[in-house]
Amino acid sequence: MTKRKEQFKEASALTVSHEIRIRFNETDPLGIVWHGNYITYFEDGREAFGRQHGLTYLDIGNTGYTTPIVKSKCEHKLSLRYGDVVTIETTVVDTPAAKMVYRFKIIDAKGEIACTGETVQVFLDKEGNLMLTNPPFYEEWKRKVGLLL
């Protein structure tokens, strides 16, 4: 089986780290984080990224667009447990396509990667139409952060 070559690169300068503590209600009867909560942690990472870089859902909504998630992937490496303090690293992927791609690493207190993942979001206008090109606000944001020259 041939692995597809990665087309676009992470913009590593645009990585935001966000620390959280695992709550009791996020664990299953085995005492480990229920697998579905990792997607919520990715959301926490995206929100932290947006607050730091002016790209929150509210910021985007104020421009007249929405960005639904159309793809998510999550790879579990280590178990997390109630009370663990973890860091969510969120990095935007630089792509010319009309979408936002984020990559995530969830790192435990020992510095080991517990989980990696990725989400892909597309742009919809006010009428819910899929945008085939990047909206003007996103092009401007990319210029501001150095992704477009």
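Biologist: Which residues form one aromatic cluster?

Modeller: The cluster is made up of F49, Y65, Y102, F123, F137, Y138 and W141. Please keep in mind that this is a predicted model, where local features need pLDDT of at least 70, side-chain atom pairs count only at pLDDT 80 or more, and totals for chains, interfaces and linings use all residues. Residues are numbered from 1 along each chain as its sequence is written, and side-chain values use heavy atoms, with hydrogens and water left out.

Biologist: What makes F49 and Y102 an aromatic pair that is edge-to-face?

Modeller: Rings of Phe, Tyr and Trp (its six-membered ring) pair if their centres lie within 6.5 Å; planes under 30 degrees apart count as stacked, over 60 as edge-to-face and the rest as tilted. For F49 and Y102 the values are 5.4 Å centre to centre and 75° between the planes, which is edge-to-face. F49 is in helix α1 (residues 37-53) and Y102 in strand β4 (residues 99-107), 53 residues apart. Helices (H or I, at least four residues) and strands (E, at least two) are DSSP runs, numbered from the N terminus.

Biologist: What about F123 and F137, how is that aromatic pair described?

Modeller: Also edge-to-face, with 5.9 Å between the centres and 80° between the planes. F123 lies in the loop between β5 and α3 while F137 is in helix α3, so the pair ties together parts 14 residues apart in sequence.

Biologist: Why does F123 count as buried?

Modeller: Buried means under 20% relative accessible area, exposed over 50%, partly exposed in between (1.4 Å probe, protein chains only). F123 has 0% relative accessibility, so F123 counts as buried. F137 is at 17% and therefore counts as buried too.

Biologist: Which residues of helix α3 are buried?

Modeller: In α3 (residues 136-144) they are F137, Y138, W141 and K142. Seen down the axis of α3, these buried residues fall within an arc of 135° (taken from the directions from the helix axis to the C-beta atoms), so they line one face of the helix.

Biologist: How do you know that D125 has no salt bridge?

Modeller: A salt bridge is a side-chain nitrogen of Lys or Arg within 4 Å of a carboxyl oxygen of Asp or Glu. Lys and Arg count as positive and Asp and Glu as negative; His and the chain ends are not counted. The nearest side chain of opposite charge to buried D125 is K126, 9.5 Å away, and D125 has no salt bridge.
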